[in-house]
Amino acid sequence: MKNLIVASTSTIYDSGYLEYIKQDVHQLFKGVQEVLFIPYARPSGISHEVYTEIAAEAFKSIDINIKGIHSYDNPIEGLKNAKGIFIGGGNTFLLVNELYRQNLLDHLKVKIEGGIPYLGTSAGSNICGPTMKNTNDMPIVQPPSFDTLGVIPFNINAHFLDPDPSSKHKGETRETRIKEFHFFNDTPVIGLREGSWLRVKDNSIILRGNLTARWFEKNKAPVELKSLTDISLNFI
């Protein structure tokens, strides 16, 4: 019993924050008056308060109130009482470290598996897989473990980029790095391009958005997944 949107990013091109998936987010949180926001990833090092204000402004247009988990004296109680949850992007190492420090990870998993509507973007999506090992972020802090929620059975590589044939850069591509990951790990990985997201409903995991996503399995050639592919039926 799951009800998630797992998105590559919060903002694409010149659109506003969450603008490109606003209708889907509105539907996800239908009937929910207040959503708990977990701002621990802190993009660009902004404060929890400023980050929560950004999220609150976006949700105001769909008549939903946002409350930051940092405003609770007891974050675990705040999480237990939540009716909807949003975790935004930023640094995945920082996010995971704080979830462990506050003893929130297991409680968060219980809430998600119990069916609470959950929105994750970027770092908030990276933690939905078994581990955070396919994040693109710098390790600015060291979490106790790379293990994350495991509410979907594969890892996320958000902001997946294809090689630019006109670029003079000859270093590793995202695909190369994922191949390096699969030398030591068996977990499948999905490369989510900007503007793509996964709609998870119970046991169904459907790719949404206008672009394809790239699917990686160990010792197999990568596969391009078309929008509206139910990944749970064909690839897991």
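1. Start with the β8 and β9 pair. Strands β8 and β9 run antiparallel and are joined by 5 bridges. Across this pairing, L198 stands opposite L207 in β9. The two strands form a hairpin, with 2 residues between them. D202 sits in that turn and has a positive phi of about 55 degrees. Note that this is a predicted model.

2. The faces of β9 deserve a look. I205 and L207 make up its covered face. S204, I206 and R208 lie on the uncovered one. In a regular strand, side chains alternate between the two faces of the sheet.

3. Now the whole sheet. It is open and has 7 strands, in the order β3-β2-β4-β5-β1-β8-β9. The pairing is mixed. Which strands stand at the edges? They are β3 (65-68) and β9 (204-208). Each has a single partner strand, so one side of each is left without a neighbour in the sheet. From one strand to the next, the twist averages 20 degrees.

4. Two helices pack on this sheet. Helix α2 (residues 48-60) touches β2 (34-38), β3, β4 (85-87) and β5 (118-121). The direction of α2 makes about 165 degrees with that of β3. Helix α5 (residues 105-113) touches β1, β4 and β5. The direction of α5 makes about 125 degrees with that of β4.

5. Strand β1 has two partners to check. Strands of a sheet pair through backbone hydrogen bonds, either parallel or antiparallel. With β8 (residues 197-201), β1 (residues 3-7) runs antiparallel, and 5 bridges join the two. L4 has V200 as its bridge partner in β8. With β5, β1 pairs in the parallel sense over 4 bridges. There, A7 has T121 as its bridge partner.

6. Is β1 enclosed or open to the outside? Of its 5 residues, 5 are buried, so β1 is largely enclosed by the rest of the structure. N3, I5 and A7 point one way from the strand. L4 and V6 point the other way. Both sets are buried.

7. The aromatic residues come next. A search of the whole structure finds 9 aromatic pairs. One of them is F37 with F86. Their ring centres are 5.0 Å apart and their planes are at 40 degrees, so the pair is tilted.

8. F93 belongs to helix α4 (residues 92-101). F146 lies in the loop between α6 (123-126) and β6 (155-157), 53 residues apart from F93. How do they differ in exposure? F93 counts as buried because its relative accessibility is 9%, under the 20% cut-off. F146 is partly exposed, at a relative accessible area of 39%.

9. Separately, K67 lies over the face of Y72, at 4.3 Å from the ring centre.

Definitions and conventions: Residues numbered from 1 in each chain as written. Predicted model: local features only at pLDDT ≥ 70, side-chain atom pairs only at ≥ 80, totals over all residues. Heavy atoms only, no water. Pairing = 2+ DSSP bridges. Axes fitted to C-alpha atoms, helices over the stretch in contact; angles between N-to-C directions. Contact = heavy atoms within 4.5 Å. Buried < 20%, exposed > 50% of the residue type's maximum accessible area, 1.4 Å probe, protein only. Phe/Tyr/Trp six-rings, centres within 6.5 Å; stacked < 30°, edge-to-face > 60°. Lys NZ or Arg CZ within 6 Å of the ring centre and 35° of its normal.
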